[in-house]
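Student: I am new to this structure and would like to look closely at one part of it. Please start with a single residue and then lead me on to its surroundings and a few other places.

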Amino acid sequence: MAAPSKQKTRWHIAVFLAPAVLVYTAVMIYPLFNTLRLSLYSEIDQERIWVGLQNFRTLFGDAIWSDQFWNALANNGWFFLIHMLVQNPIGIALAAILSSPRLRFSAFYRSAIFIPTILSFVIVGFAWKLILSPIWGIAPGMLDAIGLKFLYQPWLGKEEYALTTLSLVSVWQYVGIPMMLIYAALLSIPDEILEAGECDGITGMAAFWKIKLPLILPSIGIISVLTFVANFNAFDLIYAAQGALAGPDFSTDILGTFMYRTFFGFQLQLGDPHMGSAIASAMFGIILIGVCIYLFGIQRRLRNYQF
Amino acid sequence: MTALKLENVNKFFGSVHVLKDINLTVEEGEFVVFVGPSGCGKSTLLRVIAGLEDASSGTVTIGDDVVNTVPPAKRGIAMVFQSYALYPHLTVKDNMGLGLKQEGQPRAVVEERVSKASKMLDLEEYATRRPAELSGGQRQRVAIGRSIVRDPKLFLFDEPLSNLDAALRMNTRVEIAELHRTLSASMIYVTHDQIEAMTLADRIVVLRDGRVEQVGTPMELYNNPANRFVASFLGSPSMNFLERSVPGVPDGQTIGIRPEHLRLAQSGRISGRVTHVERLGGDTNLLVNTDQGETVTVRLFGQDPTEVGDVVRLEFAADDAFYFNEAQERIFEAAA
Ligand SMILES: Nc1ncnc2c1ncn2[C@@H]1O[C@H](COP(=O)(O)OP(=O)(O)OP(=O)(O)O)[C@@H](O)[C@H]1O
Ligand SMILES: [Mg+2]
């Protein structure tokens, strides 16, 4: 009796898995492997030929390419650092404030803070470009109104500020996501544990540091890795605000924009799908390494608590 | 000295009146049990005493101080929750010590009190485990340990045994009784289990719909219930209430007789047919359907040969009967 029923079950598994597997293969797995494959070819005299790791040798060895690559990688690192140091702590703080039962209008704040996340990057990039513009922008006027005009700089136009400014714009846009995830994690802490803390004299900030924070660490870990993946795949905001040249003078160039320019070409630069694929493969490798470090180095040490 | 004094305590949740004019005094060293049906306000009352909820009106006095505006940690109380509410990220030792550390007690004092409590509760070998690695009974003991180390004037327990299985519940009940003797601290204990109430309490407070129905020692409440609710709530199997089956009881009155006060007698006043027999070895419970159509439980000591379908007559001593009027209050000069 057992054997035939087992076989039937197998068919069910295959049938039910098939749609997801097919769709996932078509849109994710196939393109990924094709990109990796493409990076091993080159086009010479309009003919695609196998070159092995030559594209990677060019990318890391040729000064023109490698300078751009390391510049983009360093910029991307800074982009990520700002998200980790600004976006996530602010998201956690906002969630902690929102979860306070005494806060009124919390549903309103929650939605207001989350709305930028669902806005198109085109709108966000363009809107901030206008806000910060020295000519039409409202930022100089607003600073003037409170007597801080001297602080104003054309932030998007200066090499030393542009990347940080765009990182902060991105933080502004996406801070709702860590906020929501942490908010959900905070709500899942049973009231009785917090009340036990209250009886122990652990209230307010102490309750946050000693009880809530340790219990939401797993969520913070997930958020960190999501931030990492999103940041190293980022492209849209920079493209919308600064164009594919990621000005001024490549100071806002990150891996995504670098890859885009290389792959599709931009202005005088001709598109090279094979070098572009090599950059995309490098990005894939970087993200893979980062996620592995998280999964094997960090997540194992985080305990999940079921309440 | 009184450990706790509640005066005209009321609690509203919005427009819902949950606690109605509660007045209660708990003496030093007393073990007081709150019982009542689900939703009657036992937990709410306990939380008002703990300071986790504010009383809408009235005063709460613990020891010599009015504590209405004092936060829970400064009231000299410790609470044990039904769900244990241990800190999941801390070891057993740190769970017990966190409150003391927060108070700013020196490390040596924390160590000493935690190890004393661990010894008292047999938790020493689990000191470095986390709550997830403990059984339900061990978790419960950690929760109790956490309350002991704070050396409170008043312990508050909210249904601490309801998540344990029957055997463990009995053991833990005995442990709590022993704890009460060793610490000689005042304790308030919420339960809806009348056996816990009867076995642990110095005094029982019966609550219904946010009101105190009766306060007294377990035997006072058992032998002298103030109304039909208290009479029916304590005792197992619960009291029989008969309106028609006993000749001579006036219209509108109800006679209440405990199952163990009924006996089989040839010339008994109640007659009926046995519909069910439960043989427990030490006791035999009969369910009897009277000729007037009411059901009576009879508890006979020892083993009895009565079978289902037998026609029986039942008798009781006049002293053992309680009379209740239409408002379900006890009346003392019965017409019979
Ligand atoms: N935060 C609240 N808001 C509104 N109503 C509440 C709140 N907490 C409790 N109540 C109501 O107060 C009443 C008493 O609740 P309480 O928890 O004290 O009951 P209980 O006697 O402990 O019951 P149980 O034996 O089921 O634990 C219930 O009717 C409940 O619905
Ligand atoms: Mg309750």
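Tutor: Happy to! Let's begin with Cys292(A), which has a relative accessible area of 33%. That value lies between the cut-offs of 20% and 50%, so Cys292(A) counts as partly exposed. Please keep in mind that this is a predicted model. Now look at another cysteine, Cys40(B): its relative accessibility is 2%. Because buried means under 20%, Cys40(B) is classed as buried. As for bonds between cysteines, a pair of sulfur atoms must lie within 2.5 Å to count as a disulfide, and by that rule there are zero disulfides over all chains.

The surface of chain A also has a nonpolar patch, made by Ile115(A), Ile118(A), Leu119(A), Phe121(A), Val122(A), Ile123(A) and Trp172(A). Together these residues have about 630 Å² of accessible area. Helices H4 (106-118) and H5 (121-132) of chain A each give at least two residues to the patch, and H5(A) has the largest share, with three. Leu119(A) sits in the loop between H4 and H5 of chain A. With 32% relative accessibility, Leu119(A) is partly exposed.

Finally, move to chain B, where strand E15 (residues 283-290) pairs with E16(B) in the antiparallel sense over seven bridges. Within this pairing, Asp283(B) stands opposite Phe301(B) of E16(B). Four residues lie between the strands of the hairpin, where Gly293(B) takes a positive phi near 85°. Strand E16 (residues 295-301) of chain B is mostly covered, with five of its seven residues buried.

Terms used
Residues numbered from 1 in each chain as written. Chains lettered and ligands numbered in written order. Predicted model: local features only at pLDDT ≥ 70, side-chain atom pairs only at ≥ 80, totals over all residues. Heavy atoms only, no water. Buried < 20%, exposed > 50% of the residue type's maximum accessible area, 1.4 Å probe, protein only. Pairing = 2+ DSSP bridges. Patch = residues over 30% accessible without salt bridge, like charges linked within 9 Å, V, L, I, M, F, W, Y side chains within 5 Å. Areas by Shrake-Rupley, 256 points an atom, 1.4 Å probe, with all protein chains shown as cover. Salt bridge = Lys/Arg side-chain N within 4 Å of Asp/Glu carboxyl O.
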